[in-house]
Amino acid sequence: MTLRSEEAPAGLLLAAGEGRRFGRPKATLELEGERLVDRGVRTLRDGGCSPVLVVAGAAQIEVIGAVVVPNPDWRDGMGSSLRAGIAALPPGCPAVVVALVDQPLVTPAAVERLIAAFEEGAGIAVATYGGAPRNPVLLGAGHLAGVAEAAVGDQGARGYLRAHPELVTPVPCDDVAAPDDIDTPEDLSALSRPRAGRSRPAPRSRPRGAAGR
C-alpha cells in the first residue's frame, strides 16, 4: 500500500534547544554549507513526510518548506517541544516522524523505512543502530496523546516507548544512517572533515533523543 500525499505522515523536527554545551543554538549551525535545521527539514521531506514542522525556541529561525512552531517553554526540556509539535499537527494527521536537529547523519532512507513500516501496520516504528533504539521515531496517531502526556522534562517519547515495548517495531537503519549527535564544536569538526578515506561514524553507546536519552 502506498499512502496518498494527504495521508502521508507529518515530519516533526525538534530544534528548540540553546545548545548549552556547544555555546549556541544548534539549529543555526552549518554542516557542509547547510544549516542543521534546513538539513533536518530536507531529510524529512525527502523521506516522504508532509507537512514538516520545526519546533523552535532558543533561536528565532525561518525555514523554507516547513512550518515553524514556537515553543515558549523550551527551557523546560525536550518534552515541552515534543508536546508543542504534537499539538500543532494538522487534523487527521495519520502519524508523525520525529527527528532531532543535531543528528545530521540521519538520512531520508531511514525516514522512508519508518514510513514503510507504518504502511505495513506498525503503530510505532523506531530506527535502531546496532540493535539499540535511537532516532528518528514514527508515532501513529493513536499514540500521540499518550506520548504527549508522558513527555516531561528532557524526556521525549522515551517514557511512553519503554512503558509499551510491545507496541514498538524496531527498524534497523545501520546501513543507511547514523545517530551521531553534535553536542560540542569538536563533534561538528569531526563530521565536517572530508568523508573520503573515512568510514561512516559508528553509533554512540549513549542513548539520546526522542527514542532514548
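Student: How are helices α1 and α3 oriented to each other?

Tutor: This is a predicted model, where local features need pLDDT of at least 70, side-chain atom pairs count only at pLDDT 80 or more, and totals for chains, interfaces and linings use all residues. Residues are numbered from 1 along each chain as its sequence is written, and side-chain values use heavy atoms, leaving out hydrogens and water. Angles under 35 degrees count as roughly parallel, over 145 as roughly antiparallel, 65 to 115 as roughly perpendicular and the rest as oblique. Here, the axes of α1 (residues 36–46) and α3 (residues 108–119) cross at roughly 40 degrees and come within 7 Å, so the pair is oblique. Axes are lines fitted to C-alpha atoms, for helices over the stretch in contact, with angles from 0 to 180 degrees between N-to-C directions. Helices are DSSP runs (H or I, at least four residues), numbered from the N terminus.

Student: Which residues of α1 and α3 meet?

Tutor: Contact means heavy atoms within 4.5 Å. Thr43, Leu44 and Asp46 of α1 meet Pro108, Val111 and Glu112 of α3. Those contact residues divide into 3 nonpolar, 1 polar and 2 charged.

Student: How many salt bridges does the structure hold?

Tutor: Side chains of opposite charge can pair when their charged atoms come close. The cut-off is a side-chain nitrogen of Lys or Arg within 4 Å of a carboxyl oxygen of Asp or Glu. The structure holds 9. One of them joins arginine 39 to glutamate 32, with the closest N and O atoms 3.3 Å apart.

Student: Are arginine 39 and glutamate 32 buried or exposed?

Tutor: Buried means under 20% relative accessible area, exposed over 50%, partly exposed in between (1.4 Å probe, protein chains only). Arginine 39 is buried at 9%, while glutamate 32 is exposed at 54%.

Note on methods. Helices (H or I, at least four residues) and strands (E, at least two) are DSSP runs, numbered from the N terminus. Ala, Val, Leu, Ile, Met, Phe, Trp, Tyr, Cys and Pro count as nonpolar, Asp, Glu, Lys and Arg as charged, and the others, Gly among them, as polar.
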